[in-house]
Amino acid sequence: MSKLGKWLLYVAIALGAITAGFMFKAHQVNPKLSSPQKQAGAEAFFAASLPDIEGNTQSFSQWRGNVLLVNFWATWCAPCREEIPEFIETQDKFREQGLVVVGIAIDQKERVDAFSKEFAINYPVVVGDLDTFSLAEAMGNPQGALPYTVMINRAGEIVDTHLGRIHMDKVEKVLKPLL
C-alpha cells in the first residue's frame, strides 16, 4: 500500500472513531439543568448571533416571545439527518401557534446550504464553528455531542433538553402545553 493509501486509511479510521464517540455520547443520559443553569443557558442563547446560510447575521433575540425548539446538528451526523424531516413537519404543524424551530448547524456553510436545500428546511438555520459547542454547553450539553435539542417557552425559559435523537412524540408532549 502506498504512503497516500496508508494515510487515507488512518484518516478514515480516525474519522470513524470520532463519529462513534459522538454517537456513544449522544446515547448517554440526558442532562438535567438546575433553575440557575436554565436561566443562564437561555440568556446565553438570546445574547448570541450567528450567520444564516445566506451569510446574514441572525440575532437569536429576534425569536424571544416564541416557543422555540433549538436543535444543534451537523450534516455528517446520522441521528441529526433522521430527525430533521420531523422538525420540518413540526414547524409546519405548529407555526401558526407561535413555534419557531431554529437549527444551529456546527458544520461547513456550503454543506449546510446544500443540505438545507435538499431537505427543503422550512425554519431558520444558522451556521457555527466548533466554538458554537460552548453555546450548547451553556444550554446543558457538557458532552458536546450531537444532536442536542432545547425547548424554550414564551417567557424565554429552558423547559426541556434532549441529548441524542429525539422523537416527535416527546417533542409534541413538551411543546403542546407551551403553545
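Helices (H or I, at least four residues) and strands (E, at least two) are taken from DSSP runs and numbered from the N terminus.

**Figure 1. Overview of the predicted model.** The structure shown is a predicted model. Six helices and seven strands are present in the protein. Read from the N terminus, the elements follow the order α-α-β-β-β-α-β-α-β-α-β-β-α. Of the 179 residues, 47% are buried. The accessible surface amounts to about 9,200 Å², and carbon and sulfur atoms contribute 57% of that area. Among contacts with a separation of 6 or more, 66% are between residues 24 or more positions apart.

**Figure 2. Packing of helix α3 against helix α6.** Two packed helices are described by the angle between their axes and the distance between the axes. Helix α3 spans residues 78-94 and helix α6 spans residues 168-175; their axes are 11 Å apart and meet at an angle of about 30°. Angles under 35 degrees count as roughly parallel, and α3 is therefore roughly parallel to α6. The crossing of α3 with α6 is right-handed. On the α3 side, the contact is formed by Glu86, Phe87, Thr90, Lys93 and Phe94, while α6 supplies Met168, Val171, Glu172 and Leu175. Sorted by class, this contact of α3 with α6 comprises five nonpolar, one polar and three charged residues.

Figure 3. Glutamate 172 belongs to helix α6. Is this residue buried or exposed? Glutamate 172 counts as buried because its relative accessibility is 19%, and the limit for a buried residue is under 20%. Apart from neighbours within four places in sequence, glutamate 172 is in contact with Lys93, Phe94 and Pro177.

**Figure 4. The loop containing alanine 120.** Alanine 120 is located in the loop between α4 (109-119) and β5 (125-128). Most residues other than glycine have a negative phi. Alanine 120, by contrast, has a positive phi, near 55°. Alanine 120 is exposed, as its relative accessible area is 52% and the class of exposed residues lies over 50%.

Figure 5. Most peptide bonds are trans. The bond that joins leucine 146 and proline 147, however, is cis, with omega about -5°. Proline 147 lies in the loop between α5 (133-138) and β6 (148-152).

Note on methods:
Residues numbered from 1 in each chain as written. Predicted model: local features only at pLDDT ≥ 70, side-chain atom pairs only at ≥ 80, totals over all residues. Heavy atoms only, no water. Axes fitted to C-alpha atoms, helices over the stretch in contact; angles between N-to-C directions. Parallel < 35°, antiparallel > 145°, perpendicular 65-115°, else oblique. Left-handed = near helix turned anticlockwise from the far one by under 90°. Contact = heavy atoms within 4.5 Å. Nonpolar A, V, L, I, M, F, W, Y, C, P; charged D, E, K, R; others polar. Buried < 20%, exposed > 50% of the residue type's maximum accessible area, 1.4 Å probe, protein only. Areas by Shrake-Rupley, 256 points an atom, 1.4 Å probe, with all protein chains shown as cover.
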